[in-house]
Amino acid sequence: MNLIILCVIAAVIYFLLIFPTQWLKTERVRSSCGLGIRVLQISDLHVEKLRIAPGRLTRLIQEEAPDYIVLTGDFTQRSRHLPKVQRYAEAITKPGIPVFAVLGNHDHRLSPAALQELIRILDNVGIQVLRNQSTAVDHFHIVGIDDYSSRKSKVDQAFEHVDPSQPILVLAHDPNVIPHIQRRYTYLMAGHFHGKQFNVPLLFRFINKGRLAAAGIYKGMHTGTHGPFYISKGIGQAGVNARFLIRSEVTLHEL
């Protein structure tokens, strides 16, 4: 009887805490931005604790066939996991779709040399890392703002060469930078909060994740003063390698 009880407890723990990290959801979001593009957002890989295989991401990208892919930060915080980052980067770029990325707070915990190695790995497979920079793509601009919680964000620098008359797609890791963006944008994508990871009421009243999270703005679609923004629930985990009542996510934005 004790063995049966232990098995039941183990099964409950698995389905409540581990299975949500493996049961990947493709969240589909539509926003009437008029860009006419489909963008796949993958956020918060945290490869050291990621339970989604690289090949699964390749197949998902091939099936969805987005126009662009964006990676909104937090690849790894430990240099020994950089080879694993490379395997995921190769899997994401394998279908040949343009990929753009920004860095997250965990990436900035790497040593300066390891951080440069991370950027080199991404660049070598064709992922353009935007560190307070912008790039013109077809009929719009992509602006990449470096991580806010690491005090690396330079909003004015990121927008310096952007034509405000054209559509502007902004990438950021920490959504707490949004109130500091005092200019119009067409759409913004961020991550960082993992959808709360442990979906417990009032959790962010006790764990300080900034004003947005404390106000209940930590996942999904929202409208800011200067444009709409989406906060991804992320694909990987930080801290405890588990999720509670929140699934791992990649997001397909129809803009």
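What is the order of the six strands in the open sheet? Reading across, it goes E6-E7-E8-E9-E11-E10, with mixed pairing. Strands here are DSSP runs of E with at least two residues, helices are runs of H or I with at least four, and both are numbered from the N terminus. Two strands count as paired if DSSP finds at least two bridges between them.

A quick word on the source: this is a predicted model, where local features need pLDDT of at least 70, side-chain atom pairs count only at pLDDT 80 or more, and totals for chains, interfaces and linings use all residues. Residues are numbered from 1 along each chain as its sequence is written, and side-chain values use heavy atoms, with hydrogens and water left out.

Met189 sits opposite Tyr230 in E11.

Now for the chain as a whole, which has seven helices and 12 strands:

| Chain property | Value |
|---|---|
| Box filled by C-alpha atoms, along the principal axes | roughly 70 × 40 × 35 Å |
| Buried residues (under 20% relative accessible area, 1.4 Å probe, protein chains only) | 51% of 255 residues |

The radius of gyration, taken over C-alpha atoms, is 18 Å, which agrees with the value near 18 Å for a compact globule of 255 residues. That rule is 2.2 Å times the number of residues to the power 0.38.

How values were computed
Buried < 20%, exposed > 50% of the residue type's maximum accessible area, 1.4 Å probe, protein only.
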